[in-house]
Amino acid sequence: MSQWEPLGIPYTVSSAASEATVAAAHRGALTALRGRIRALCVDVICDGTWPDEVRWAVDRLEARRPARWSRWRRRWLEPSISVDLDPRDDEDFALAVAVAPYTICGTGIDGRDRVDYDANDTGTSAWFALTGEELAAAAQFVAAHHGDPRGLIPFTRG
């Protein structure tokens, strides 16, 4: 296996899944992958309005966004939308899990620089590289959080 191939089998969330299943699948996959992921990055932007239940996390993430100079607007700082998080840190991980189903982009990278978690477009696009054990843990998380574990399906290019 090359360093670019994922360790697990690629899974996604069914396009027919309920909102509860989508949210739980994103969070469950990320939780199942925590031990393998060494770097997390989330964009602090949502295609719609952030749900009230995650406002606490959004506020903390917005406070941590790095400021950078824009090439085109040298008169003021333009904030970055991305925040790098450490999945080994409990607070960082809780922030990532909270916004996982709603961010326009969340990425988890393992110790060999492989993307094992990729969630985009406010929950409508997802890719998780899960081993059998991780899939079982993610499915159990989905069921425990009012979702349907059958919503986690193998990813196929089509």
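Guide: A residue is called buried here if its relative accessible area is under 20%, and exposed if that area is over 50%. The model shown is a predicted one.

Visitor: What share of the residues of the chain count as buried?

Guide: The chain has 158 residues, and 42% of them count as buried. Its accessible surface is about 8900 Å². Carbon and sulfur atoms hold 51% of that surface.

Visitor: How many helices and strands are there in the chain?

Guide: The chain contains four helices and nine strands. Read from the N terminus, the order is β-α-β-α-β-β-β-α-β-β-β-α-β.

Visitor: Which contacts in the chain come from residues 24 or more positions apart, and what percentage is that?

Guide: Take the contacts with a separation of 6 or more; 68% of these join residues 24 or more positions apart.

Visitor: Let us turn to the aromatic rings. How is a pair described?

Guide: Two values describe a pair of aromatic rings: how far apart the centres are, and the angle of the planes.

Visitor: How many aromatic pairs does a search of the whole structure find?

Guide: The search of the whole structure gives one aromatic pair. Its members are Tyr117 and Phe128, with 5.4 Å from centre to centre and 20 degrees between the planes, and the pair is stacked. Tyr117 belongs to strand β7 (residues 115-120) and Phe128 to strand β8 (residues 125-130), so the pair ties together parts 11 residues apart in sequence.

Visitor: Now the empty space. How is it found?

Guide: A probe the size of a water molecule is rolled over the atoms, and this shows where empty space is left. In this model the count is one cavity of 30 Å³ or more. The largest cavity holds about 30 Å³ of space.

Visitor: Which residues line the largest cavity?

Guide: The lining consists of Leu30, Leu40, Cys41, Val42, Ala96, Ala100, Thr103, Gly106, Thr107 and Tyr117. Tyr117, a member of the stacked pair, is thus a residue of this lining too. By class, the lining of the largest cavity has seven nonpolar residues, three polar ones and no charged ones.

Visitor: Which strands each supply at least two residues of that lining?

Guide: They are β2 (37-43) and β6 (105-110). The element that gives the most to the lining of the largest cavity is β2, with three residues.

Visitor: What is the volume of the largest pocket, and which residues line it?

Guide: The largest pocket has a volume of about 190 Å³. Its lining is made up of Ser18, Glu19, Val22, Ala23, Pro101, Tyr102, Thr122, Gly123 and Thr124. These lining residues divide into four nonpolar, four polar and one charged.

Visitor: Where are Asp113 and Asp121 found?

Guide: Asp113 is in the loop between β6 and β7, and Asp121 is in the loop between β7 and β8.

Visitor: Why does Asp113 count as exposed, and why does Asp121 count as partly exposed?

Guide: Asp113 counts as exposed because its relative accessibility is 52%. Asp121 counts as partly exposed because its value is 39%.

Visitor: Where is Leu95, and is it buried or exposed?

Guide: Leu95 sits in helix α3 (residues 90-99). Leu95 counts as buried because its relative accessibility is 0%. With residues up to four places away in sequence not counted, Leu95 touches Trp56, Ala57, Arg60, Leu61 and Arg64. Val54 is 41 residues from Leu95 along the chain, and their C-alpha atoms are separated by 8.7 Å.

Visitor: Where is the place of Thr131, and which residues is Thr131 in contact with?

Guide: Thr131 lies in the loop between β8 and α4 (132-144). Its relative accessibility is 24%, so Thr131 counts as partly exposed. Neighbours within four places in sequence aside, Thr131 is in contact with Leu7, Gly8 and Arg36.

Technical notes: Residues are numbered from 1 along each chain as its sequence is written. This is a predicted model: local features need pLDDT of at least 70, side-chain atom pairs count only at pLDDT 80 or more; totals for chains, interfaces and linings use all residues. Side-chain values use heavy atoms; hydrogens and water are left out. Buried means under 20% relative accessible area, exposed over 50%, partly exposed in between (1.4 Å probe, protein chains only). Contact means heavy atoms within 4.5 Å. Accessible areas come from the Shrake-Rupley method with a 1.4 Å probe; for residues, only the protein chains shown count as cover. On a 1 Å grid over the protein atoms alone, a cavity is a set of points where a 1.4 Å probe fits but cannot get out, and a pocket is an open set with protein on both sides within 12 Å along at least five of seven lines; lining residues have an atom within 4 Å of a point. Grid points are joined across faces, edges and corners, and a volume is the space filled by probe spheres set on the points. Ala, Val, Leu, Ile, Met, Phe, Trp, Tyr, Cys and Pro count as nonpolar, Asp, Glu, Lys and Arg as charged, and the others, Gly among them, as polar. Rings of Phe, Tyr and Trp (its six-membered ring) pair if their centres lie within 6.5 Å; planes under 30 degrees apart count as stacked, over 60 as edge-to-face and the rest as tilted.
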